[in-house]
Amino acid sequence: MARSASAMRGQILESALRLFAVHGFRGTSLQDIASDAGCSKASLLYHFAGKEKILTELLTPARDALATLLDRVAGLEGGRLVEETVVGYVDLTLRFRREIRLLFEDIAEMSCHQDLNVMELADGLLDALAGRSQRAPSRVAAWMVLGAVFITSATDDEVAPDEVLRAEMIRSALRTLDHTPS
């Protein structure tokens, strides 16, 4: 029985995400994705114009979630801003772990991806983590949290159950930012 167009598209995306996570974006061919998805390369190209378009579609939900987080904290200030941003960022990275691993694989290339505005969003996240402070200690701590949460989420190491991992990531990030939770 033939799969619907949306089912085929979903299978292609799932296969691509899995293969990108294992072999990297550059190490995965369109033919690899098509074979894993159980379709022809021509069928894959009917749904997606190329690997870049697949990548964009895979990362767009995470990008949109980050943009939503930044919109949600835009009106906050001080400690509430920092706390809400940390909790939201940790939750986002845990929700999109496979996508984070994909970004981590080649951060330089992925951060320059034109359709995703990664650097603009990262700047907004950094600013919120720093509590909008321009002071060097706040900015350095924010960069450390941005990187540490990202790397921790990208690991395959099952350090702890997700709820423990989440709590420890939040606690450690707030401590790094010299923030005491309310």
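Predicted model: local features only at pLDDT ≥ 70, side-chain atom pairs only at ≥ 80, totals over all residues.
Is the crossing of α1 and α2 left-handed or right-handed? The crossing of these two helices is right-handed.

## The chain as a whole

The chain holds 10 helices and 0 strands. Read from one end of the sequence to the other, its pattern is α-α-α-α-α-α-α-α-α-α. Along its principal axes, the C-alpha trace spans about 55 × 35 × 25 Å.

The chain has 182 residues, and 45% of them count as buried.

## Helix α1

Helix α1 covers residues 5-23, which is 19 residues. At 1.5 Å a residue the helix should span 27 Å, and its end C-alpha atoms are 26 Å apart, so the two values agree. Just after α1, G24 takes a positive phi of about 85 degrees.

The buried residues of α1 are M8, I12, L13, S15, A16, L17, L19 and F20. They pack against four other helices, namely α2 (30-37), α3 (41-47), α4 and α6 (97-105).

## How α1 packs on α2

Two packed helices are described by the angle between their axes and by the distance between those axes. For α1 and α2, the angle is about 120 degrees and the axes are 8 Å apart. Because of this angle, α1 is oblique to α2.

On the α1 side, the contact is made by Q11, I12, S15, A16, R18, L19 and F20. On the α2 side, D32, I33, D36 and A37 take part. Sorted by class, the contact of α1 with α2 has 6 nonpolar, 2 polar and 3 charged residues. Several of the α1 residues in this contact also belong to the buried set of that helix, including I12, S15, A16, L19 and F20.

## How α4 packs on α8

A second pair is formed by helix α4 (residues 51-73) and helix α8 (residues 118-129). These helices pack at an angle of about 35 degrees, with their axes 10 Å apart. The crossing of α4 and α8 is left-handed.

From α4, the residues in contact are R63, L66, A67, L70 and V73. From α8, they are L121, G124, L125 and A128. By class, this contact has 7 nonpolar, 1 polar and 1 charged residues.

## Helix α5

Helix α5 (residues 78-95) has 18 residues and, at 1.5 Å a residue, should span 26 Å. Its end C-alpha atoms are 26 Å apart, which agrees with that expectation.

Which residues of α5 are buried? They are L81, V82, E83, T85, V86, G88, Y89, V90, L92, T93 and L94. The helices that cover these buried residues include α4, α6, α8, α9 and α10.

E99 is placed in helix α6. Its relative accessible area is 14%, and buried means under 20%, so E99 is buried. Leaving aside residues up to four places away in sequence, E99 touches L17, L58 and L59. One of these, L17, is itself a buried residue of α1. E99 and D32 are 67 residues apart in sequence, and their C-alpha atoms are 19 Å apart in space.

S138 lies in helix α9. With a relative accessible area of 17%, S138 is also buried. Not counting residues up to four places away in sequence, S138 touches A130 and S133.

R132 has a positive phi of about 65 degrees although it is not a glycine. This residue is in the loop between α8 and α9 (136-154). At 34% relative accessibility, R132 counts as partly exposed.

D178 also has a positive phi, near 60 degrees, and is a residue other than glycine. D178 is found in the segment after α10 (162-176). Is D178 buried or exposed? Its relative accessibility is 73%, and exposed means over 50%, so D178 counts as exposed.

Notes
Residues numbered from 1 in each chain as written. Heavy atoms only, no water. Axes fitted to C-alpha atoms, helices over the stretch in contact; angles between N-to-C directions. Left-handed = near helix turned anticlockwise from the far one by under 90°. Contact = heavy atoms within 4.5 Å. Nonpolar A, V, L, I, M, F, W, Y, C, P; charged D, E, K, R; others polar. Expected span 1.5 Å × (residues − 1). Buried < 20%, exposed > 50% of the residue type's maximum accessible area, 1.4 Å probe, protein only. Parallel < 35°, antiparallel > 145°, perpendicular 65-115°, else oblique.
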